[in-house]
Amino acid sequence: MIEVKNLYKSFDGREILHDISTRFERGKCSLTIGSSGSGKTVLLKSTVGLHKPDSGEVWFDGTLFNQAGETRKKELHSEIGMLFQGSALFDFATALENVMFPMDFFTDMTREEKMDRANFCLQRVNLTNVNDKYPSELSGGMQKRVGIARAIALNPKYLFCDEPNSGLDPLTSIHIDRLIQEITQEYDITTIINTHDMNSVLEIGDKIIFICQGHKKWEGSKEDIFDSGVPELNDFVFASKMARTLISERNR
Amino acid sequence: MIRQFFIQTGRYILFMEKVFRRPEKWKITARQFIQESDKLIINSIPLIALISIFIGAVLVIQTAGNLQSPFIPKMYVGYMTRESLVLEFSSTMVCLILAGKIGSNISSEIGTMRITEQIDAMEMMGVNSANFLVLPKIISCTLLTPLLMLMSVFLGITGGYLTVLFTDVIRIADYIQGIRYWFVSFFITYSCIKTAVFAFFISSVSAYFGYYAEGGSLGVGRNSTRAIVITSALILIFDLILTKLML
Ligand SMILES: Nc1ncnc2c1ncn2[C@@H]1O[C@H](COP(=O)(O)OP(=O)(O)OP(=O)(O)O)[C@@H](O)[C@H]1O
Ligand SMILES: [Mg+2]
């Protein structure tokens, strides 16, 4: 479980996050939604310590992250799997080597075992025949999927995904969503996903947090999202025709 | 400006502290070391070889032109060519050239990794990115650049030899006698130490500027230029300091 308490973050005096408090449960997919530029990525990065919050606390299962010692922090980091919005694959390594990279550092597996594991992870994200390709030779969606394979390579306890399915076709997108949900439940992972895809919200959102201009405007379950009564959230939710149709059908 | 200087120096020292931690696994560092040596040092051989041969050739012609007096033996042309190469050209000039070649390579590579979040990704895994990325580069440069320097001396002398062979500036026997005249082996040691120090600055300073790049590709370019300017200045300053201390 990850708990964020009264988190503030600003860049050069411009406030980006304002008093965010929430909880991300273990074994559940928590989705942060919000329009572009609302502060989702900043929230995610402040949670994992890539941005230093101005004030506030982040608890990882009883460890106060900002005050944890070097070794404990390192230990936590090796339990975190993270997918960056821009994939952030290592240019110097092939797809397979990218997935093997964390194993090189933190396991004593033999090369064969590592390759088996990496192949397994790549297969889970529906990628085959790209093992020897470098990131620059992969399409954006393929890079995303290699990024996910790398994030789950070490069976993380905490999984952070920044827009895992932006740039993917609807079918692969759903597949990736289901995959994330599957491993979250299977290994009891605390999963946090940033997205603006309403499909994902309805598909896998165990808990939804809505961010608007750095403020947490709403949180709840996907069942309640249509009746939130928050105008900004309604704008967001009903932006797509599909959602409007869905809700009018339900109301009938 | 002065404040900026102290801030940057302090940050550089903290960065070095991070670089020189004990690696997670020596095997990985060793593997990286071999790759970096190939990319940074082996790849520089053709450029340094070409420049050294030509400079050696030019040095012979210029020195011969300046030593017209019949009272100075012609073998001094060979002697002075060798001394110029050993003392200054093959160490300082070669390092200034490498500052451009290796330095820009290192800072743009690491800078790009920074702005595309690859460094963040490493840190998120719990990998000490500074140690993993930078230490092999520093070791490789500091240990192997002196070999490039020795190669440069050798090829410079060869370049001079070819000039003597194909023109009639001086007799070949005079040149050879000059090359072997009054050889002080300490000058080679001095030059090796100088080169190692310069190479350390080249690799660490450009890595530093890459590591703290911000502001997209423009920032990477800006920092890469900054790295080369500052390393060049450091090379010249430490050339003076080391020469005063050692000779
Ligand atoms: N390093 C930074 N320095 C200054 N401002 C930043 C920085 N990173 C983000 N911001 C600002 O923070 C705000 C929120 O950005 P963020 O990347 O969190 O948006 P987002 O919700 O992830 O959007 P998207 O859905 O487009 O990814 C933006 O206005 C952005 O300008
Ligand atoms: Mg974002």
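Chain A has a radius of gyration of 18 Å, taken over C-alpha atoms. A compact globule of 252 residues would have a value near 18 Å, so the two agree; the globule rule is 2.2 Å times the number of residues to the power 0.38. This is a predicted model, in which local features need pLDDT of at least 70, side-chain atom pairs count only at pLDDT 80 or more, and totals for chains, interfaces and linings use all residues. Residues are numbered from 1 along each chain as its sequence is written, chains are lettered from A in the order in which they are written, and side-chain values use heavy atoms, without hydrogens and water.

**Fold of chain A**
- The C-alpha trace of chain A spans about 55 × 45 × 35 Å along its principal axes.
- Chain A has nine helices and 10 strands, which are DSSP runs (helices H or I, at least four residues; strands E, at least two) numbered from the N terminus.
- Of the 252 residues of chain A, 52% are buried, that is, under 20% relative accessible area with a 1.4 Å probe and protein chains only; exposed is over 50%, and partly exposed lies in between.

**Ser139(A)**
- Ser139(A) sits in the loop between helix H4 (111–124) and helix H5 (140–151) of chain A.
- Ser139(A) counts as partly exposed because its relative accessible area is 39%.
- Ser139(A) and Leu168(A) are 29 residues apart along the chain, and their C-alpha atoms are separated by 10.0 Å.

**Confidence**
- The model scores ipTM 0.90 and pTM 0.92.
- Chain B has a mean pLDDT of 95, with 100% of its residues at 70 or more; pLDDT is the predictor's confidence in each residue, from 0 to 100.
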